[in-house]
Amino acid sequence: MHLKGALHVHTTCSDGTLSIKEAVAAHEALGFDFMALTDHDFLMRKGCYDVVSRLRTDMIIFLGVEIMFHEKGYIHINRVEGDREVLHVFNHPSELGLTVPATIERIGAVSQKLRLDAVEITTRGFYLAEFDVPEIRLPKIATDDSHERHMIGRAWVEMDAPRDKDAILKAIKAGEFWNCFAGSRHT
Ligand SMILES: [Zn+2]
């Protein structure tokens, strides 16, 4: 199946402005097939994701978290949970002020402790070509890191995969997906 997905979404469970229900509806309206809730660990409201099991939606909703990870300074790692598979993403290196060589070094250091599966090449939904280079040897994903409604649908991934959580995460890990963007950057 052709699937469209958002792998980095914030809600009122941390610092987003939309509730889970609103974020799901907003993605559904844009034709998304799956989305991952990745609220910040240090702001996470306890039990906030419980509502997911009661949601009426055809979308696949991944539970996840954006982790503050300390490795030569703080970095952000998204953890997205499938049924058996788990995806770890090195988030938005540019927002941490990292150059490409520094990003490669930091990925190497983090990989001693955690298996990294992908790296973001976007900041808040905008493409950063400088990080889309072969020297960074991880699948590169586009996300919009949405915190508000207007940020949803700037950048996403698409793939041909079975409609199944683990199949989706495996496709990301294998680099079998496309990055998609709503339009060019307006500055
Ligand atoms: Zn985020």
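Mentor: Start with Glu 85 and Lys 173, whose side chains form a salt bridge with N and O 2.7 Å apart. The term means a side-chain nitrogen of Lys or Arg within 4 Å of a carboxyl oxygen of Asp or Glu. Glu 85 sits in the loop between strand S4 (74–81) and strand S5 (86–90), and Lys 173 in helix H3, so the bridge ties together parts 88 residues apart in sequence. Helices (H or I, at least four residues) and strands (E, at least two) are DSSP runs, numbered from the N terminus.

A word on the basis. This is a predicted model, so local features need pLDDT of at least 70 and side-chain atom pairs count only at pLDDT 80 or more, while totals for chains, interfaces and linings use all residues. Residues are numbered from 1 along each chain as its sequence is written, and side-chain values use heavy atoms, with hydrogens and water left out.

Now burial. Glu 85 is buried, at 19% relative accessibility. Lys 173 is partly exposed, at 21%. The cut-offs are under 20% relative accessible area for buried, over 50% for exposed, and partly exposed in between (1.4 Å probe, protein chains only).

The count of salt bridges is six. Another one joins Asp 33 and Arg 163, with the closest N and O atoms 3.3 Å apart. Asp 33 lies in the loop between H1 and S2, and Arg 163 in the loop between S10 and helix H3 (165–173), so this pair links parts 130 residues apart in sequence. Asp 33 is buried at 17%. Arg 163 is partly exposed at 36%.

Arg 79 and Glu 81 also meet in a salt bridge, 3.1 Å from N to O. Arg 79 is partly exposed at 27%, and so is Glu 81 at 35%.

Side chains of opposite charge can pair when their charged atoms come close. Now take a charge without a bridge. Glu 158, in strand S10 (residues 155–160), is buried yet has no salt bridge. The nearest side chain of opposite charge is Lys 4, 5.3 Å away. Here Lys and Arg count as positive and Asp and Glu as negative; His and the chain ends are not counted.
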